[in-house]
Amino acid sequence: MTTTPEIDDAAVRLSTAPEPVGPLRSRQLLAPLRRTWRQLTSMRTALQLLFLLALGAIPGGFLPQRSLNPVRVNEYKAQHPGLAPWLDRLSLFDVFAAPWFAAVYLLLFVSLAGCLVPRIRLHARALRKPPPQAPGTLTRLPVSGSWETDASVEEVLEAARRALRSGRWRAVRRGNAVSAEKGYLRETGNLIFHVSLVVLLVGIAVGAFYGFKGTVLVKEGTGFANAVLNFDDIHPGRRFTEGSLVPLHFTLDDFRATYGEDGKARTFDAKVRFAPNADAPLRPYDIRVNHPLHVGAAKVYLLGHGYAPRVVVRDVDGTVAFDQTVPCLPQDTKFVSNCTIKVPDTRGQQIAFDGVFTPTTVQDPATGRVTSTHPAAQSPALTVVGFRGDLGIDAGVPGSVYTLDRRRLTPIDSGKAHLLATGQSWQLPGGGSITFVDTTEWATFQVTQDPGKGIALLASCGIVLGLCLSLFIRRRRLWVRAVPAGDGTGTPRTVVEVGGLARTDPDTFAAEFEELTGRLREKIPPREADKE
Amino acid sequence: MAHLSDSLLFAAVVVYALAMLGFAGDQATRRARRVLAEPALRAAPSRVLAGAGGPPLTEPAVSPAPSREKGWAGSLALGLTALGWLIHLGSVVTRGIAADRLPWGNMYEFSCTAALVAVTGFLVLVARGKVDRGLGAFVMLPVVLYLGLAGTVLYTKVGPLVPALNSYWIKIHVAAAVTASGAFLLSGVIALLYLVRSRFDERTVAGSAIRFPVSLGRALPAAASLDRSAYVVIAFAFPVWTFAIIAGGIWAEAAWGRYWGWDPKETWSFITWVLYAGYLHARATAGWKGRKAAWVAVAAAVALIIDYYVVNIFVVGLHSYA
Ligand code: HEM
């Protein structure tokens, strides 16, 4: 054997893959356009775009991303004041919303669509048409064999066709040969896979345009009605309309978290009563991690939780000026949590407190520092610093619930912190008091509606199915040619040539070929003289 | 039980290391035999395996297929690998029993199970004649290093799962991810060896100087066979990885309310996926077959390692449970 056998015959192309783009000879006006299009839909371009896509995603995998964690982006910018503005200019903190990233995947999908349409047409034709005519020389194929027989050409071809058909090959006679093929599902699977990729993108786009996501903090004993205004934070899709929100409402009756000895969370459980609309009766449900509440197109997830101590503040004359549960935001894994208590309706000056809630409280006897050693409320305490003055609420500027505007406030008791265990009070100098009554909890919920989810799931099934067909099925072709080889001495003789090729796994195919030719030799026995 | 698991892992590493030495010894004796035969072989013309559609796999006849030679050292090493595999399996199973859940809840357990998958893949492929046992030393070395690192740096005491991981989708998701990862790591090793071997062949044909690490190529199976082995392993692992990502999406949808959010872990899984898709494409693209495709497979394996180790340790995200 000497050189590479150039098997470039159409017969040996076992895939609808676009061929490498060659020079285009057309002298039409549209030629440059056509060339660009062929270039775009070529395998090489697809490959380069895939690499670009992977490359483009890398900064998104290392740098903090705004969509995930805006706080960390700001931290990063503070740490890298020189570099960060440049990164920001290149959208590297919003990679997956960046125009250049969109350009890459949109080009890829244009390429994909442009390459799929002709491939589907080709494959549909291949499915209808008989397997292709035998190439010129079967012995040049990766596997081949030949022998002489006394049977006539007609007998040989008929026997070969039968034998192949019984092996579930698609086999037809074409001229002096039988063409056979098996494993069409490989190409079908490949096309299903690529089409499903397009469908997946459609599903994602539908979700991004028509979907909705909102989060809300709900304290135990209070309720929530699904309306845009009631959320703390919303992310509506560009085409989302308020009317498509499911009219659900629920109340949080009880939230419970359990922890191991080491303080690691074991279970979270939010007991709610919900109704799918204003008229329906309330029904109980446990929202847990991995166990959201489904109501129509909406799903309600448990996102986070924290403590809300119940606090009573009395006025100078002893009347109750404030009696609420105050949500505190956890600062660490042991649930040291911060909150503010604002009491605007008082006789004299307005009163406010900065509070730190600690579920399992320990106080350092030397420094007086208060911390928590466990996330469960085993010995809860509220440490407060008091203020008197003007809260700035009446100015009409909505302040945050979690921070105090201290500009017109003066500290009570020179800003000393007072630790209150459950039931304890602090009599404020100058009248009034604050009491830490007991501990309740809150939970944050996320309500999502994603109308593209079903499409994406369907596409995912297509992707996996298509891939399995495309990678595990072997497509192969086989030809049996019969050539009369009379030497003019009377007895008819026929040379049987068998050749085949497979797209993958040549070893397995070689074994299969061996076995097939064995069977053919039984049906078309070699001449006595040739038998060893 | 947890203690037993740790001891078994240690024993498995020792047995694997012995197997590695056995394989290396096997290589040495084979090489000694081959050195005598080599000058004659160099003159032989190269043979072409034309797989239409696939790459034209040139197989220079520099070395005869070493698989046909079966030295006692190789058989012993293979036996040791199988023994190590049993002990390794025992370690993973007892770990699962000790934790009372599937043993892939943290990086330590994930690594042990992925290594088990890689060794399983190697043994299966050798048994089915798809991979030459001559690869043994080169496969066992990374396995020993990997398990050694897992057992020391990543070691985690048995503990329960955090609530977000408590779902049957995670079992499916991680089972698929660990299977695909093990296979991908194996394919990465094979692709690297292919690169060494094909460079070795090239230099041999050109008659140019051969230095380390290219000289390792002498002991390796034929380039075409390595190329095919890498493909077989990736073709198996890619759908499994795809499924793992989808199962992860279904789980994320139940746990976090969105099926995809470009969390660092998700981003790196995506990069890995795209690179392996690139590998499969490259093998069907003119001008990309062979060495370029192998480099893509190596890059994809690196992305996988970043996905699991660098992201877990250095990048903050929702997945930071380990
Ligand atoms: C969205 C990006 C794409 C992804 C993720 C992707 C992925 C894949 C994968 C994983 C395979 C392997 C299946 C197999 O080997 O049978 C494959 C095969 C293939 N892809 Fe793509 N592909 C993409 C875009 C494209 C585009 C744009 C084209 C058109 C040029 C294309 C044409 C092909 C062809 C022809 C094959 C079959 C290769 C063969 O004959 O083995 N793909 N693709």
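## Two buried histidines

A:His194 and B:His281 are both buried (under 20% relative accessible area; exposed is over 50%, partly exposed in between; 1.4 Å probe, protein chains only). This is a predicted model, where local features need pLDDT of at least 70, side-chain atom pairs count only at pLDDT 80 or more, and totals for chains, interfaces and linings use all residues. Residues are numbered from 1 along each chain as its sequence is written, chains are lettered from A and ligands numbered from 1 in the order in which they are written, and side-chain values use heavy atoms, with hydrogens and water left out.

## The iron site

NE2 of A:His194 and NE2 of B:His281 are the protein donors of the ligand's iron atom, 1.9 to 2.0 Å from it. Donors are N, O and S atoms within 2.8 Å of the metal (3.2 Å for Na, K and Ca). The pair crosses between chains: A:His194 sits in helix H7 (residues 185-210) of chain A, B:His281 in helix H7 (residues 264-282) of chain B. Helices are DSSP runs of H or I, at least four residues, numbered from the N terminus.

The iron site is octahedral, with angles of 81 to 179° among six donor atoms. For six donors, that label needs opposite donors over 155 degrees apart and all others between 65 and 115.

## The chain interface

In chain B, 56 residues are in contact with 58 residues of chain A (heavy atoms within 4.5 Å). The rule finds two salt bridges across this interface (a side-chain nitrogen of Lys or Arg within 4 Å of a carboxyl oxygen of Asp or Glu). B:Glu253 and A:Lys453 meet in a salt bridge, 3.0 Å from N to O.

Methods: Tetrahedral: all angles 85-135°; square planar, octahedral: opposite > 155°, others 65-115°. Helix = DSSP H or I, 4+ residues; strand = E, 2+ residues; numbered from the N terminus.
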